[in-house]
Amino acid sequence: MKKIRTVLLVDDSEATTFFNKTILSKTGYIDEILVAKNGLEALTIIKSGVVPDIIFLDINMPVMNGWEFLEEFKSLNNALENTIIVLMIGAPLSNEDKDKVLSFPQIKEFQGKMLSRIVMDDIMRKHYQEEFALLQS
């Protein structure tokens, strides 16, 4: 049974991270869940050689926010070109933010701040069809 190798949760809220990590662990889809409290920590993890399959990215964080992380992420090597980025949003995006999204093809979708089994099933179905089918059999 094939799984997602690595997921990177990037969020400064310990409560949100704890909840999301618990949900992700319970799905059985993921081998390793890494956590970063801001974009700078996330970049440090990635630059150490980790290639996450999915990055769940908060926008509003101290030190380096989600938009600043995305700018830096764009300049990293091609090994990351298949990484799926899911923006974690707590409120609807402003028109300015909607325009920003268009400049980052790595952003594949938006989700609320709190994940669920249904959300993960949907992500698996959309982005990992073969793996999802194997996990369901």
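Strands S1 and S3 pair in the parallel sense, and four bridges join them; at one point along S1 and S3, Val 7 stands opposite Ile 54, which belongs to S3. This pairing belongs to a predicted model, in which five strands form an open sheet with parallel pairing, in the order S2-S1-S3-S4-S5. The edges of the sheet are taken by S2 and by strand S5, residues 107–112, each of which pairs on one side only. Direction ignored, neighbouring strands of the sheet are turned against each other by 20° on average.

Helix H1, which covers residues 14–27, lies across S1, S2, S3 and S4 and runs at about 170° to S2. Helix H5, residues 117–127, lies across S1, S2, S3, S4 and S5, and its direction is at about 170° to S5.

Thr 17 has its place in H1, and, when residues up to four places away in sequence are not counted, Thr 17 touches Leu 9, Asp 11 and Val 35. Is Thr 17 buried or exposed? Thr 17 counts as buried because its relative accessibility is 9%, and buried means under 20%. Although Leu 9 and Lys 21 are twelve residues apart along the chain, their C-alpha atoms are separated by 7.8 Å.

From here the reader can turn to the nonpolar cores. The largest nonpolar core has 24 residues, of which Ile 55, Leu 57, Phe 69, Leu 70 and Leu 87 touch the most other members. Two or more residues of this core come from each of strand S1 (4–10), strand S2 (30–36), helix H2 (39–47), strand S3 (54–58), helix H3 (66–74) and strand S4 (84–89). Helix H3 gives the most to this core, with four residues.

Which residues does Phe 69 contact, once its neighbours within four places in sequence are left aside? Phe 69 is in contact with Gly 39, Ala 42, Leu 43 and Ile 46, as well as with Ile 55, Leu 57 and Met 64.

Note on methods: Residues numbered from 1 in each chain as written. Predicted model: local features only at pLDDT ≥ 70, side-chain atom pairs only at ≥ 80, totals over all residues. Heavy atoms only, no water. Core = buried A, V, L, I, M, F, W, Y, C linked by side-chain atoms within 4.5 Å. Buried < 20%, exposed > 50% of the residue type's maximum accessible area, 1.4 Å probe, protein only. Contact = heavy atoms within 4.5 Å. Pairing = 2+ DSSP bridges. Axes fitted to C-alpha atoms, helices over the stretch in contact; angles between N-to-C directions.
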